Amino acid sequence: MNLLVWFKDLFIPHSRNNHKAKLLHPASLSVVVAFFLVSQFSLNFFTLTSPSVLGFASNIKPEQVIELTNQKRLESGLEPLELDETLNEVAQKKAGDMFAFDYWAHISPSGRDPWSFFQEAGYKYIYAGENLARDFMNSESVVGAWMNSPTHKDNILNSKYKETGLAVVNGTLNGVETTLVVQVFGTPTPAPSQTALFSRPRLGEASAAALATSQESQPKLSPFSLTKTAAVFLLGLIFGALVVDAFLVSRKKIIRLSGKNLAHLIFMGFLLLAVILTSQGAIL
């Protein structure tokens, strides 16, 4: 059987495949599902055994996150935030603490809250806040996720904040390669001699690391991207076969006792759209 005949049997309904594309036969769909599951198992196993090859890869630029943050503030008629080196240190300490003690939260397992990092770095503030993000692919998606969250958006657009610090740090958290983005906000006390008024904002905000991206052990391939690509490819094949099948069945007026193509098309269409729109990332 040559390639053309195999392709026709797989995607086009005709007499040899009982007027139904072989890809849409239950046995073929079972093979597709089994192939996907086996490939995912292999991918997860390879991720654990070869973390330098497979892991989370991102293209987040610290300076771009700050630029986008200030762009959102300018759009709302607010003054841009100044980058402060001490706040960079605050952010770096928080990111380092999360990696060192293997947690993803505002408060560490030992009970250490975000504001202790401000005090440790010697940043005396009137107001302070923080935004956390992890596993995002680029700067735009990080800021976009924060802007879509009321508490994080409140930090970005808070007129009381005058300065910011940021870091993007790669590392292993809970046994998984990840990229942490931590952004802190603050307003310093007017003068060193005055008593600081500590304003502790809602914890829907989180900290950051120094204005630099750690390049250590930067993974080359993202398992999430590979999984999404494979899912879109396989679902796209099935969706395409359904479209061809529905068109030819309607055109040739083929009568079948089973198979509601319209319902299958709608279901597969929604499933394919859901996979395409799926994005990786979390904020606190």
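**Reading helix and sheet packing**

Author: Let's start with a crossing: α3 and α6 cross in a right-handed way. A crossing counts as right-handed if the near helix is turned clockwise from the far one by less than a right angle, and left-handed if anticlockwise. This is a predicted model, where local features need pLDDT of at least 70, side-chain atom pairs count only at pLDDT 80 or more, and totals for chains, interfaces and linings use all residues. Residues are numbered from 1 along each chain as its sequence is written, and side-chain values use heavy atoms, with hydrogens and water left out.

Reader: Which residues of α3 and α6 make the contact?

Author: Contact means heavy atoms within 4.5 Å. Here Q64, V65, L68, T69 and K72 of α3 meet S139, E140, V143, W146 and M147 of α6.

Reader: At what angle do helix α3 and helix α6 pack?

Author: Angles run from 0 to 180 degrees between N-to-C directions, with axes fitted to C-alpha atoms, for helices over the stretch in contact. Helix α3 (residues 62–75) and helix α6 (residues 139–147) pack at about 40 degrees, their axes 9 Å apart.

Reader: In what order do the five strands form the sheet?

Author: Strands are DSSP E runs of at least two residues, helices H or I runs of at least four, numbered from the N terminus. Two strands pair if DSSP finds at least two bridges between them. This open sheet has the order β1-β3-β4-β2-β5, with mixed pairing. β1 (82–83) and β5 (282–283) are at the edges with a single partner strand each, so one side of each lacks a neighbour in the sheet.

Reader: How many bridges join β2 to β4?

Author: Nine, between antiparallel strands β2 (residues 125–134) and β4 (residues 176–188). L132 sits opposite V182 in β4.
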